[in-house]
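Thanks, everyone. Have the sequence and the structure up as we go.

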Amino acid sequence: AVVSTQSKQWYQRRVRGIALVPMRYDHNLSMFPGFKMNCLISVYGGDGSVSVAHNGIEMGQGINTKVAQCVAFELGIDVSMIKVKPVTNLTNPNGAITGGSAGTEANCVAAIKACEILKERLSETREKLGKDASWPEIIAAANTAEVDLCARYMFEGKKNDYNGYSVWGVAITEVEVDILTGEMFIVRADVTEDAGLSTSPLVDIGQIEGAFGMGLGLWTSEEIKHDPMTGEILTMNTWEYKPPAAKDIPQDFRVTMLKNARNPMGVLSSKATGEPALLMGVSVLLLSGMLSTLTKWRLDKLDGGSLMVLQLWNTFTSMLASLLISSHSKIM
């Protein structure tokens, strides 16, 4: 706490605030011209195992998991029978980049369509063997009958009438700020996002948590700086560049997905979860207005040197307001 030497009154050193931020993320795949993804599925006659090669790059977002789950669902087999193979230009040429929170669902659509091709080819064999035939039995019989057990499909937004949709969310964040040192502590964050009917809830929860954490860095601590004369990057390590660390995430972090919210415009009624939650990290920054007002009032009560302190504070809040306006323009 800070104490005035004349009045002997104690003033709180740490102030807290709560901000609520709603989100609408326009997930419009028609914004990406030439956006296409293809998937190649091969079924092996010996044991019925399935190999999948899709156009996406697995970078921790769970794309391989979701594609495998979609294939298992469509073919009616256990996911343990499916292996996702590395993408190559031989098996998956001319694909788009994996980005924009669109890679996973685009490849899932391609995988589902490839499965539909396979199921059509297998329909006659399945009918002959009867409904009690197992998957390995159906594949063995189809392979003996010279049925092509390899199928490929290319997803394209306009061809598949996959124009996109809105992703909705809301975050309520409580932040504590030390008014003397500027140290910030996120006490609690409650985040809810509309993920449609999630194809993989554990993956989607992790995506929302991670995106919100990245947003904390974007809005509060990460800034790339270059030398104005030479163009040399100045924030080249963690001494100058400050990404969020383990203790920067909210102490009480509660992430949920909207229940029973099917998305008729998404793959298997789902919605993308990669990047949208990043925007809700701005809830931490938006607290600055209320906290600065409260802190200025407290500083105004201090005796001795208050004029200089307030002048410095006014300069700081003006800079913060400019940053806030700039941040809003990025969102819009």
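One term before anything else: when I say that two residues touch, or are in contact, I mean heavy atoms within 4.5 Å. And a caution: this is a predicted model.

Take proline 244. It sits in the loop between H4 and strand E10, residues 252-257. Which residues does proline 244 touch, leaving out those up to four places away in sequence? They are Gly213, Leu216, Gly217, Ser221 and Glu222. Proline 244 is partly exposed, because its relative accessible area is 33%, between the 20% and 50% cut-offs.

Now the overall picture. The protein chain has 6 helices and 10 strands. It runs to 332 residues, and 43% of them are buried. Look at contacts with a separation of 6 or more: 75% of those come from residues 24 or more positions apart.

On to H1, residues 63-75. First, a length check. H1 has 13 residues, so at 1.5 Å a residue it should span 18 Å. Its end C-alpha atoms are 18 Å apart, which agrees. Just after H1 comes glycine 76, with a positive phi of about 70°.

Which residues of H1 are buried? Ile63, Lys66, Val67, Ala68, Cys70, Val71, Ala72, Glu74 and Leu75. Note that the list includes Lys66 and Glu74. As a reminder, an α-helix has 3.6 residues a turn, so residues three or four places apart point the same way. What covers the buried residues of H1 includes strands E4 (36-43), E5 (50-54) and E6 (82-84). Helices are in that cover too: H2, H3 (135-144) and H4 (201-220).

Next, H1 against H2. H2 covers residues 103-129. The two axes come within 9 Å and cross at roughly 25°. That angle is under 35 degrees, so H1 and H2 are roughly parallel to each other. The crossing is right-handed. From H1, the contact uses Ile63, Lys66, Val67, Cys70, Val71, Glu74 and Leu75. From H2, it uses Gly103, Thr104, Asn107, Cys108, Ala111, Ile112, Cys115, Glu116 and Lys119. By class, that is 9 nonpolar, 3 polar and 4 charged residues.

Stay on H2, and turn to H3. How do the axes of H2 and H3 cross? At roughly 115°, coming within 9 Å. This crossing is right-handed. H2 brings Leu122, Thr125, Arg126 and Leu129. H3 brings Trp135, Glu137, Ile138, Ile139, Ala141 and Ala142. The classes here are 7 nonpolar, 1 polar and 2 charged.

Last stop, another loop residue. Alanine 195 is in the loop between strand E9 (184-193) and H4. Is alanine 195 buried or exposed? Its relative accessibility is 0%, so alanine 195 counts as buried. Beyond residues up to four places away in sequence, alanine 195 touches Met257, Ser270, Lys271 and Thr273.

Proline 244 is partly exposed, whereas alanine 195 is buried. That's my tour. Over to you.

Key:
Residues are numbered from 1 along each chain as its sequence is written. This is a predicted model: local features need pLDDT of at least 70, side-chain atom pairs count only at pLDDT 80 or more; totals for chains, interfaces and linings use all residues. Side-chain values use heavy atoms; hydrogens and water are left out. Axes are lines fitted to C-alpha atoms, for helices over the stretch in contact, and angles run from 0 to 180 degrees between N-to-C directions. Helices (H or I, at least four residues) and strands (E, at least two) are DSSP runs, numbered from the N terminus. Angles under 35 degrees count as roughly parallel, over 145 as roughly antiparallel, 65 to 115 as roughly perpendicular and the rest as oblique. A crossing is left-handed if the near helix is turned anticlockwise from the far one by less than a right angle, and right-handed if clockwise. Ala, Val, Leu, Ile, Met, Phe, Trp, Tyr, Cys and Pro count as nonpolar, Asp, Glu, Lys and Arg as charged, and the others, Gly among them, as polar. The expected span of a helix is 1.5 Å times one less than its number of residues. Buried means under 20% relative accessible area, exposed over 50%, partly exposed in between (1.4 Å probe, protein chains only).
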